[in-house]
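Here is a short tour of a protein chain, written for someone meeting its structure for the first time. Keep the picture in view as you read, and look up each residue as it comes along.

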Amino acid sequence: MKMHIKKRVAALATATTMVVGLGTAVIATATPASAASCFGSWYQNPALPYTLWTPGYNLKYNTNYDPCVPDVQSRINQIYGNVLTVDGYYGAATQAWVRRFQGDYSWCSFGVDGVVGPNTHTCLGYVTGQQH
C-alpha cells in the first residue's frame, strides 16, 4: 500500500513538473505552494520580449521539498547537461548551478544571488525555449 501511494505521488510530481515546464500553470497566488503543486503567475521580465510563467515566490536554498524546484533543475540540465538530480530539493548543488546560470545569463537574470526570483525564472524559461 505504501509503495502504491509513493508511486502516485511521484507520478503527480512528474505531471506537475511537465505542466509547469510547459508554462500552463497560471493560477496566481502570493503564498508558497503546497507539497503537490506549484502555483505562480505571468511575469514580464524587462529584458525579454514577452511574459513568461514564474512561481509566486522566490526559490532559494532550503532543505524542504518544493514542487517548483524540479522545473528549475530540469531547465539547468537542459542548458548545462545532466548536472543536477531533479528531486525538488533546492540544496547546495542547485544553488551553485543557479549562481552559474545567473552569471552566464546576467543580461536577463539581473544579478548573481543564488535565488530564483521572477527575473531568473523567466530567464531560464526564455533560454530553454519556453513559449509565451
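The largest nonpolar core in this predicted model has 20 residues. Leu59, Val72, Ile76, Tyr90, Phe101 and Val116 are the ones with the most contacts inside this core. In general, nonpolar side chains in soluble globular proteins tend to be buried together.

- Which residues does Leu59 touch, leaving aside its neighbours within four places in sequence? Leu59 is in contact with Asp66, Cys68, Val69, Val72, Tyr90, Gly114, Val115 and Val116.

**A closer look at Val98**

- Val98 is part of helix H3.
- Is Val98 buried or exposed? Val98 counts as buried because its relative accessibility is 1%, and the cut-off for buried is under 20%.
- Along the sequence, Val98 and Ile76 are 22 residues apart, while in space their C-alpha atoms are 7.5 Å apart.
- With neighbours within four places in sequence left aside, Val98 is in contact with Val72, Ile76, Tyr90, Gly114, Val115, Val116 and Thr120.

**The disulfides**

- A disulfide is a covalent bond between the sulfur atoms of two cysteines.
- Cys38 and Cys68 form a disulfide, with their sulfur atoms 1.7 Å apart. The torsion about their S-S bond is about 105°, so this disulfide is right-handed.
- Cys38 sits in the loop between helix H1 (2-21) and strand E1 (40-43), and Cys68 in the loop between E2 and H2, so the pair ties together parts that are 30 residues apart in sequence.
- Cys38 counts as buried at 3% relative accessibility, and Cys68 counts as buried at 1%.
- Cys108 and Cys123 form a disulfide too, with 1.8 Å between their sulfur atoms. Their link is right-handed, with 50° about the S-S bond.
- Because Cys108 lies in helix H4 (residues 106-109) and Cys123 in helix H5, this pair ties together parts that are 15 residues apart in sequence.
- Cys108 is buried, with a relative accessible area of 0%, and Cys123 is buried with a value of 0%.

**The aromatic rings**

- The structure holds five aromatic pairs.
- One of them is the edge-to-face pair of Tyr65 and Tyr89, at 5.7 Å centre to centre with 75° between the planes.
- This pair links distant parts of the chain, with Tyr65 in the loop between E2 and H2 and Tyr89 in the loop between H2 and H3, 24 residues apart.
- Tyr65 is partly exposed, with a relative accessible area of 30%, and Tyr89 counts as partly exposed at 39% relative accessibility.
- Why is the pair of Trp107 and Tyr126 edge-to-face? Their ring planes are at 80°, with centres 6.0 Å apart, and planes over 60 degrees apart count as edge-to-face.
- Trp107 in helix H4 and Tyr126 in helix H5 are 19 residues apart, and their pair links distant parts of the chain.
- Trp107 is partly exposed, with a relative accessible area of 43%; Tyr126 is partly exposed, with 31%.
- Tyr50, Trp107 and Tyr126 form one aromatic cluster.

Methods. Residues numbered from 1 in each chain as written. Predicted model: local features only at pLDDT ≥ 70, side-chain atom pairs only at ≥ 80, totals over all residues. Heavy atoms only, no water. Core = buried A, V, L, I, M, F, W, Y, C linked by side-chain atoms within 4.5 Å. Buried < 20%, exposed > 50% of the residue type's maximum accessible area, 1.4 Å probe, protein only. Contact = heavy atoms within 4.5 Å. Helix = DSSP H or I, 4+ residues; strand = E, 2+ residues; numbered from the N terminus. Disulfide = S-S within 2.5 Å. Phe/Tyr/Trp six-rings, centres within 6.5 Å; stacked < 30°, edge-to-face > 60°.
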